[in-house]
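Look at the model below.

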Amino acid sequence: PEPLDIVGAGDSVSAAVTSALGAGASLLEASVLGIMASSITVQQIGTTGTASPDQILDRFSSVYPNGFVACT
């Protein structure tokens, strides 16, 4: 229902996933981080969006209020 602007979404995913993998996250954890970052980026209307660490943590908490448990 909200307006979306996809500019920068792919860059956000790439940056978040590669950063997470470089920090030792699993592929699943890195993918979730990428999804969180891009979901914020697409809401930045009229500019190449960014997602701050605080925004990502807030989004993560709203999507996973009981924490994230990776299924293996």
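The largest nonpolar core has 6 residues: A16, V32, M36, A37, I40 and I56. A nonpolar core here is a set of buried Ala, Val, Leu, Ile, Met, Phe, Trp, Tyr and Cys residues joined through side-chain atoms within 4.5 Å. Helix 2, residues 27-41, gives the most to this core, with 4 residues. Helices (H or I, at least four residues) are DSSP runs, numbered from the N terminus. In soluble globular proteins, nonpolar side chains tend to be buried together.

This is a predicted model, in which local features need pLDDT of at least 70, side-chain atom pairs count only at pLDDT 80 or more, and totals for chains, interfaces and linings use all residues. Residues are numbered from 1 along each chain as its sequence is written, and side-chain values use heavy atoms, with hydrogens and water left out.

How confident is the predictor? The scale is pLDDT, its confidence in each residue, from 0 to 100. The chain has a mean pLDDT of 89, and 94% of its residues reach 70 or more. Confidence is lowest in helix 3, at a mean of 93, and highest in helix 1 (residues 9-22), at 95.

Leaving out residues up to four places away in sequence, I56 touches L33, M36, A37, I40 and A51. Contact means heavy atoms within 4.5 Å.

Now take the helix pair. Two packed helices are described by the angle between their axes and the distance between the axes. Helix 2 and helix 3 (residues 53-63) pack at an angle of about 110 degrees, with their axes 9 Å apart. Axes are lines fitted to C-alpha atoms, for helices over the stretch in contact, and angles run from 0 to 180 degrees between N-to-C directions. Helix 2 and helix 3 are therefore roughly perpendicular to each other. The cut-offs are under 35 degrees for roughly parallel, over 145 for roughly antiparallel, 65 to 115 for roughly perpendicular, and oblique for the rest.

Which residues meet? From helix 2 come V32, L33, M36, A37, S39 and I40; from helix 3 come Q55, I56, R59, F60 and V63. By class, this contact has 8 nonpolar, 2 polar and 1 charged residues. Ala, Val, Leu, Ile, Met, Phe, Trp, Tyr, Cys and Pro count as nonpolar, Asp, Glu, Lys and Arg as charged, and the others, Gly among them, as polar.

Where does helix 1 come in? Look at S12, which lies in helix 1. S12 is buried, with a relative accessible area of 12%. Buried means under 20%, exposed over 50%, and partly exposed in between (1.4 Å probe, protein chains only). Beyond four places in sequence, S12 touches A37, S38, T41 and G49.

T41 belongs to helix 2. T41 is buried too, at a relative accessible area of 0%. Its contacts, neighbours within four places aside, are D5, V7, G8, A9, S12, G49, T50 and A51. The C-alpha atoms of T41 and G10 are 9.3 Å apart, across 31 residues of chain.

G34 also lies in helix 2. G34 is buried, with a relative accessible area of 1%.

Finally, the exposed residues. D54 sits in helix 3 and is exposed, at 56% relative accessible area. V69 follows, in the segment after helix 3. V69 counts as exposed, at 69% relative accessibility. The C-alpha atoms of V69 and E29, 40 residues apart along the chain, are separated by 9.5 Å.

Terms used. Helices (H or I, at least four residues) and strands (E, at least two) are DSSP runs, numbered from the N terminus. pLDDT is the predictor's confidence in each residue, from 0 to 100.
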